[in-house]
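Hi,

Here is the structure I promised to pass on, with my notes below it. Have a look at the model first, then read on.

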Amino acid sequence: MNDTVLAALNDQINMEMYAFTTYLSMAAYFEAEALTGFSAWMRHHAEEEMVHAMKIYDFVHHRRGRVTLKALAAPTTTWSSPLAVFEDALHHEQNVTASINALLDLATKEHDHATASFLQWFVDEQVEEEEVVDTALQKLRRVKDFAPGLYMLDRELGEGSGGAEEEAEAE
Ligand code: FEO
C-alpha cells in the first residue's frame, strides 16, 4: 500500500475509535442523568463507530497493510445539558466527514483506486450519521428545558435506538 494513504487510514481508525469512546462517554452521562433512552441511543451510536473502525482495520489487512494503533485522547465526560451533548456530537460528526473527505482526496491524488472505492461507503454513511444526530438536535432545540418534552424525546430515542436487527439492515 501507498505509505501516505496507509498512515491516513491508520489515523482514521484512531478517529473512529475516539468517536466510540466519545459517544460511550455521552451514553454514560445520560445514564447518570437517568435519561435511559438518550443513553441507549448514544450507546448504539458508539457501537456503530467501532464497526467503522473495524471496517478500516479489515480493509488495511486485506491490502496487506499494517495497522498501527495509537493512544486515544480522553473523551469529554460532562456537559451542561442534553442539548450541549448533541451539539458536541454534531460537531464531532462534521469533523469525521471532513476527515473522510480529505482521505478520499488523498487516495485519489495517490491513484489508489481501491481505497477511493472503499471510502465511498464512508462518504454515504457520513450523510446518514450527520442527519440522525442533527434530527435529534433539532428536536432538543424545540424541547429546550421543558421537562415533559425531554421525557417524551427520551422515550422516542430509546425506542429507536436500534439493535441487532437495525444493524443487520444497515450492513
Ligand atoms: Fe464513524 Fe459517526 O462517524
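On the face of α5 that is turned away from its buried side sit the exposed residues Tyr151, Met152 and Glu159. Please keep in mind throughout that this is a predicted model. The helix itself covers residues 147-159, 13 residues in total, and spans 18 Å from first to last C-alpha, close to the 18 Å expected at 1.5 Å a residue. Its buried residues are Gly149, Leu150, Leu153, Asp154 and Leu157. Viewed down the axis of α5, they fall within an arc of 140°, so they line one face of the helix. An α-helix has 3.6 residues a turn, so residues three or four places apart point the same way. And what do the buried residues of α5 pack against? Their partners are α2 (36-62), α3 (82-109) and α4 (113-143).

Now to the aromatic side chains, where the search of the whole structure turned up 9 pairs. One of them joins Tyr29 and Trp79 edge-to-face, at 5.5 Å centre to centre and with 70° between the planes. This pair links distant parts of the chain, since Tyr29 belongs to helix α1 (residues 3-32) and Trp79 to the loop between α2 and α3, 50 residues apart.

Another pair is Trp41 with Phe86: the ring centres are 5.2 Å apart and the planes stand at 50°, so the pair is tilted. Here too distant parts of the chain are linked, with Trp41 in helix α2 and Phe86 in helix α3, 45 residues apart. Trp41 and Phe86 are both buried.

Two other spots may interest you. Lys55 lies over the face of Trp121, 4.2 Å from the ring centre. In the loop between α3 and α4 you will find Asp112, which is buried, with a relative accessible area of 6%. Beyond its neighbours within four places in sequence, Asp112 is in contact with Met1, Val5, Arg63 and Ala107.

Finally, a word on confidence. The average pLDDT of the protein is 93, and 94% of the residues score at least 70. Over residues 167-171, however, pLDDT stays under 50, and the model has 5 contacts beyond four places in sequence for this stretch. Where pLDDT is low, the predicted coordinates should not be read in detail.

Best wishes

Technical notes
Residues numbered from 1 in each chain as written. Predicted model: local features only at pLDDT ≥ 70, side-chain atom pairs only at ≥ 80, totals over all residues. Heavy atoms only, no water. Helix = DSSP H or I, 4+ residues; strand = E, 2+ residues; numbered from the N terminus. Expected span 1.5 Å × (residues − 1). Buried < 20%, exposed > 50% of the residue type's maximum accessible area, 1.4 Å probe, protein only. Arc of directions from axis to C-beta. Contact = heavy atoms within 4.5 Å. pLDDT = per-residue confidence, 0-100. Phe/Tyr/Trp six-rings, centres within 6.5 Å; stacked < 30°, edge-to-face > 60°. Lys NZ or Arg CZ within 6 Å of the ring centre and 35° of its normal.
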